[in-house]
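Student: I have a model open and want to go through its contacts. Can you take me through it?

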Amino acid sequence: NSIQELFLMNCAFGDEAGAELFEALALRSEASALRELVLSGNALGSKAAGALLAVLRAGKLPALAELWLSGNDFSEIEKASINAGWEETKGFRPVDAHIYGI
């Protein structure tokens, strides 16, 4: 079995838990089929941004096409890094890939 959609919107679990979530997804082979990830409204910040970039660059979420991140605490630099990391690993612009809210 695999995970194709994961909706964790407005859970407010914070930056540390967000980073742990990305690290856990990287370890689970089932997550490789994940197509949509909704993490809006969770107070994610620098730790989560770094973990997300590491997961993307490691190719652990190859099927991911939609990433919802609105309502989090990313700095402008972190937003730019996430967008650049997405384009670097996915091969297309974030706007085409539906990274929402950053």
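Student: Start with Glu-88. Is Glu-88 buried or exposed?

Tutor: Glu-88 counts as exposed, at 52% relative accessibility. The classes are buried for under 20% relative accessible area, exposed for over 50% and partly exposed in between, with a 1.4 Å probe and protein chains only. Bear in mind that this is a predicted model, where local features need pLDDT of at least 70, side-chain atom pairs count only at pLDDT 80 or more, and totals for chains, interfaces and linings use all residues. Residues are numbered from 1 along each chain as its sequence is written, and side-chain values use heavy atoms, with hydrogens and water left out.

Student: What does Glu-88 form a salt bridge with?

Tutor: Its partner is Arg-57, with 3.2 Å between the closest N and O atoms. A salt bridge here is a side-chain nitrogen of Lys or Arg within 4 Å of a carboxyl oxygen of Asp or Glu. Glu-88 sits in helix α3 (residues 76-90) and Arg-57 in helix α2, so the bridge ties together parts 31 residues apart in sequence. Helices (H or I, at least four residues) and strands (E, at least two) are DSSP runs, numbered from the N terminus. Arg-57 is partly exposed, at 47% relative accessibility.

Student: How many salt bridges does the structure hold?

Tutor: Four. One of them joins the side chains of Glu-16 and Lys-47, at 2.8 Å from N to O. This pair also links distant parts of the chain, with Glu-16 in helix α1 (residues 14-27) and Lys-47 in helix α2 (residues 46-57), 31 residues apart. Glu-16 is partly exposed at 41%, and Lys-47 is partly exposed at 47%.

Student: And Lys-79, which residue does it bridge to?

Tutor: Lys-79 pairs with Glu-76, the closest N and O atoms being 3.2 Å apart. The two are three residues apart in helix α3, so about one helical turn separates them. Lys-79 is partly exposed at 22%, whereas Glu-76 is exposed at 59%.

Student: Changing topic. Where is Asn-72?

Tutor: Asn-72 is in the loop between β3 (66-68) and α3. Asn-72 counts as buried, with 14% relative accessibility. A polar atom of its side chain lies 3.1 Å from the backbone nitrogen of Ala-43.

Student: What else does Asn-72 touch?

Tutor: Leaving out residues up to four places away in sequence, Asn-72 touches Leu-39, Ser-40, Gly-41, Asn-42, Ala-43 and Leu-44. Contact means heavy atoms within 4.5 Å.

Student: Now the largest nonpolar core. Which residues touch the most other members?

Tutor: Phe-22, Leu-25, Leu-37 and Leu-69, out of 22 residues. Such a core is a set of buried Ala, Val, Leu, Ile, Met, Phe, Trp, Tyr and Cys residues joined through side-chain atoms within 4.5 Å. Helices α1, α2 and α3 each supply at least two residues, and α2 gives the largest share, six residues.

Student: What does Leu-25 touch?

Tutor: With residues up to four places away in sequence not counted, Leu-25 touches Leu-6, Ala-31, Leu-34, Leu-37 and Leu-61.

Student: What do the buried residues of α1 pack against?

Tutor: They pack against β1 (5-7), β2 (36-38) and α2. The buried residues of α1 are Gly-14, Asp-15, Gly-18, Ala-19, Leu-21, Phe-22 and Leu-25.

Notes:
Polar contact = N/O pair within 3.5 Å; in protein donor to acceptor, adjacent residues only side chain to side chain.
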